[in-house]
Amino acid sequence: MGPRKKLLIIYYNFPPAKVPGAVRLHHFYRAALPYFEDIHVLATRNRRLFQQDPSLETGCRNIVEAPAWDLRRLTARKKAGNKPFVAPALKERPLVRWLRRLVDSFPFNILIGDGGLVYIFTGYIRTRKLIEREGITHVFSTFRPYSDHLIAHLLKRRFPHLYWIADFRDLHVDPVLQNTICPPFQRWCNRQVLRRADLVTTVSEGLKGHLEKVAPRVEVLRNGIKNLDEVIKTVEPFEKFTIVYTGSLYEGMRDPGPIFCAIRRLVEKEYLPPAGISLLYAGPNPDCWLQSARKAGVGQIAASLGIISREEALQLQRRAQLNLLLSWSGPGLQGVLTGKLFEYLQARRPILALVNGSQDKELEDILSAWEANAVFYSNGTKQGKGLEKFLLHRYRIWEEREKEIPPLDSAHFEQYSWPYQMHKLINEL
């Protein structure tokens, strides 16, 4: 790539907003710096509604903000921090679920979803002037929200020379979550928007297979780790055998219930002492964690810290005897690889992945590099005994005070670092 390349990033919640998508964009921005003469950003003022995470500060001074009078802005509560604008208890009501699907679907996702028409129109006008003034050569937009892709689509139509990379952290039309109205029409809309994209990127091979149905050229850009030096850092583990989960919980999709039930059975058989075990949660859904634990009969060993800073969450992961990863899959969708997976890999603690659905080969391949890790499926007929055996094995290793950190295969780990991922992407341009 020549020395005069300039990049425009379009992301509604550009860091340091404390939201999950900002972590990916923080690492992307930092990894892209060596390859571009200048990097500019279009974001929204709404990102200030969220708590700010200093660890995600990019140092970018070339940020243009556009107003967004969308559903999130209209329903935002003052000083609500990072609390969801739809209460978790309401999300499961049939009418609310249907309304959320409607907001995620064309045309409502660009009318009242994150962004909205004011953001799209104002953002397009301001970035159009920026491109003319600064000589922007590349545009990177990321979903969600979809309004970011629409702004990039309009810019590409106005400036055909731009190289547009359309990024998907999640699928817009998810066949497992069934999160949109009339999926065939939604996929048609995706084709119309993405037909101008020079390259579409996504986080896994599983999602890539879906996006290839609506976009001409798709490559994998994983949620990676910062760098290998970060992996070496260790901290003092918890005194009790502590299973840690940091993140969101979705009933029916991310459910720790099978883990809790396996622990209860081990306690009842007197293989595990309840006084030496802790189930620790940090995230926006503490009630779900505690209720699930009580339902399984292990409420007395479950605890929640609620919403904490990202650095505090990373510290918990490094101290854990076992990090819990909750995901989902289906016959038509594998590879739901969140940024949480790579945080856990960087923590170098054993990982227990529980997938709600069918076999996820991609996740298994990544975790199989460390034999201390394991993947189980919540709907498997033999999973109960397998979970018990794995949990008991990890507990006994801890009890005997053996070395808990899995050996690091640097050659294998390198492919998940952001410098490696960015170098691979630049070669694709």
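Strand β11 (residues 322-328) is mostly covered, since seven of its seven residues are buried, where buried means under 20% relative accessible area, exposed over 50% and partly exposed in between (1.4 Å probe, protein chains only). Strands (E, at least two residues) are DSSP runs, numbered from the N terminus. The model is predicted, and local features need pLDDT of at least 70, side-chain atom pairs count only at pLDDT 80 or more, and totals for chains, interfaces and linings use all residues. Residues are numbered from 1 along each chain as its sequence is written, and side-chain values use heavy atoms, with hydrogens and water left out.

**Exercise 1.** Describe the two faces of β11 and the strands that β11 joins.

Begin with the faces: Leu322, Leu324, Leu326 and Trp328 lie on one side, Asn323, Leu325 and Ser327 lie on the other, and all are buried. Next, take the pairing rule, by which two strands pair if DSSP finds at least two bridges between them. Two bridges join β8 to β11, and these strands run parallel; here Ile243 stands opposite Leu322 in β11. Six bridges join β11 to strand β12 (residues 351-356), again in a parallel run, and the bridge partner of Ser327 in β12 is Val355.

**Exercise 2.** Classify the ring pair of Tyr245 and Tyr281, and state where each residue lies.

Rings of Phe, Tyr and Trp (its six-membered ring) pair if their centres lie within 6.5 Å, and planes under 30 degrees apart count as stacked, over 60 as edge-to-face and the rest as tilted. By this rule the count comes to 17 aromatic pairs. The ring centres of Tyr245 and Tyr281 are 6.0 Å apart and the planes stand at 20 degrees, so the pair is stacked. The pair links distant parts of the chain, with Tyr245 in strand β8 (residues 241-246) and Tyr281 in strand β9 (residues 277-282), 36 residues apart. Both Tyr245 and Tyr281 are buried. Elsewhere, Phe106, Phe143, Tyr146 and Phe168 form one aromatic cluster.

Conventions. Helix = DSSP H or I, 4+ residues; strand = E, 2+ residues; numbered from the N terminus.
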